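Please read them with the structure open.

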Amino acid sequence: MEKLVIEGGKPLKGEVEISGAKNSCLPIMAASLLTDEPCVIRNVPPLRDIHTMIKLLKALGIKAEWSNYTVFVEPRVKQRKYIAPYQLVKTMRASVCVLGPLLSKLHRAKVSLPGGCVIGHRPIDLHLKGLSALGGEISIEHGYVVAKAKQLKGARIYLGGPFGSSVLGTANVMMAAVLAKGKTLIENAASEPEIIDLANFLLKMGAKIKGIATHILEIEGVKELKGADYSVIPDRIEAGTYMIAGAITGGDIRLKSAQIEHLGAVIDKLQEAGVEITLQREELRVSRRGKLRPVEVTTLPYPGFPTDMQAQMMSLMTVTEGISVITEKIYPDRFMHVAELNRMGAEIMLEGASAIVKGVKKLSGAPVMASDLRASAALVLAGLVAKGKTEISRIYHLDRGYEAMEKKLAKLGARIWRVKE
Ligand code: EPU
């Protein structure tokens, strides 16, 4: 096992390149199951989750490989399979987004239920509700979702749950509806940039989708889809994480390839907290000279503040004088990082789905443990500003979603190393 060692206290300076969005790549790779023609997906970073999705496509009888930031997918019509096994799905929840494409293309799917998740209860009832409305016969058997349908038929589907829209639920139902007979209306559809990216990929494949970027998607089913060559958008969560790295260390960094229009809520809160953010020649410059100010943040579906930035924002709050508050409205239990940050000297109190953060003058480096992807990123950020040495174990979580984070940070001047435990 590997761990990260960080010696904190160095303001970051320089330029960092933002990779392609993991949460776009995964459903887009799943969408390639909808055609019999090859697809080329570009700007795909070499992450653990990407390799897991490649393994899953292979298990489904598809030829898939990653090379030089590009995924090549080649279906072999006679060898296609419809079972997504537990061994793969349990390592990556996003595997569930092969369900819609398998059902609409192969008319049957058997996909393992993802099981527990450290960030809280993550049901897939909305996915199943949408696929049933399209005519899928769905049952749960021995830990698997078993779905069948001779021909899916367009329907009107309201896709909201107690926490609002569902990103992968929308992806699954949209991917099923593009090959269904007739018109589908998805109401309360997610409008995250990654869903827009998936819709744009589907358009390139020949799908008919209207209302992209709104909460009502109108889909006219087509008989078949063709292959597509597509480049995914930059990762807004990786961008946001580096913005906080610049801010927390009192540094001055420039983000290459970040898409400013996807970062509105994060930029707004960071500016309120006293961080300077400007757009200079296509690059986002993030710097901080003055003191940080406390802020209140509530996570919400896009374009609200993303839950995937909640842990990282909390790290910034730990060293902000005064009281800051974060309320989690997507995953009310997504607070695994709190105890670890407190081990580094932070003063965070949980009250229901809110964290009350009393800023301290200094964090102090400590051995800590990563529990999930974004919690790991939060610990790295805390380590960058803590006094002394922080050692973060279980960093395989980080490798699921951040490309070579220690290399990118080291290039910005951080003292950070990956070592064997
Ligand atoms: N929900 C339901 N029923 C469902 C589906 C979701 O009640 O059938 C609830 C969830 O429990 C949650 C809320 O709806 O309270 C939103 O969940 P959503 O379905 O939108 O999450 P997801 O699609 O499973 C994606 C990202 C997550 C990100 C969430 C929210 C991918 C691969 N994953 O998950 O990303 O946190 O949207 O924005 O796109 C990450 O990258 O670290 C990560 C966890």
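**Notes on the predicted model**

1. Start with the helix over the sheet. Helix H8, residues 236–248, lies across S2, S17, S18 and S19. Its direction is at about 165° to strand S17 (252–256). Keep in mind that this is a predicted model.

2. Now the sheet itself. It is open and has 4 strands, in the order S2-S17-S19-S18. The pairing is mixed. Strand S2 (13–17) and strand S18 (276–280) stand at the edges with a single partner strand each, so one side of each has no neighbour in the sheet. On average, neighbouring strands are turned by 20° against each other, direction ignored.

3. Next, strand S15 (residues 216–220). Which residues form its covered face? They are Leu217 and Ile219. The uncovered face holds Ile216, Glu218 and Glu220. In a regular strand, side chains alternate between the two faces of the sheet.

4. S15 pairs with strand S13 (residues 183–187) in the antiparallel sense, over 5 bridges. Here Ile216 of S15 is the bridge partner of Glu187.

5. S15 also runs antiparallel to strand S14 (residues 208–210), with 3 bridges between them. Ile209 stands opposite Ile219 in S15, and Ile219 belongs to the covered face. The hairpin of S14 and S15 has 5 residues between the strands. In that hairpin, Gly211 takes a positive phi near 85°.

6. Is helix H4 (residues 99–106) largely enclosed or largely open? It is largely enclosed by the rest of the structure, because 6 of its 8 residues are buried. The buried residues are Leu99, Gly100, Pro101, Leu102, Leu103 and Ser104. His107 follows H4 and has a positive phi, near 70°.

7. What is the lining by class? It has 6 nonpolar, 4 polar and 5 charged residues.

Terms used: Residues are numbered from 1 along each chain as its sequence is written. This is a predicted model: local features need pLDDT of at least 70, side-chain atom pairs count only at pLDDT 80 or more; totals for chains, interfaces and linings use all residues. Side-chain values use heavy atoms; hydrogens and water are left out. Ala, Val, Leu, Ile, Met, Phe, Trp, Tyr, Cys and Pro count as nonpolar, Asp, Glu, Lys and Arg as charged, and the others, Gly among them, as polar. Buried means under 20% relative accessible area, exposed over 50%, partly exposed in between (1.4 Å probe, protein chains only). Helices (H or I, at least four residues) and strands (E, at least two) are DSSP runs, numbered from the N terminus. Two strands pair if DSSP finds at least two bridges between them. Axes are lines fitted to C-alpha atoms, for helices over the stretch in contact, and angles run from 0 to 180 degrees between N-to-C directions. Contact means heavy atoms within 4.5 Å.
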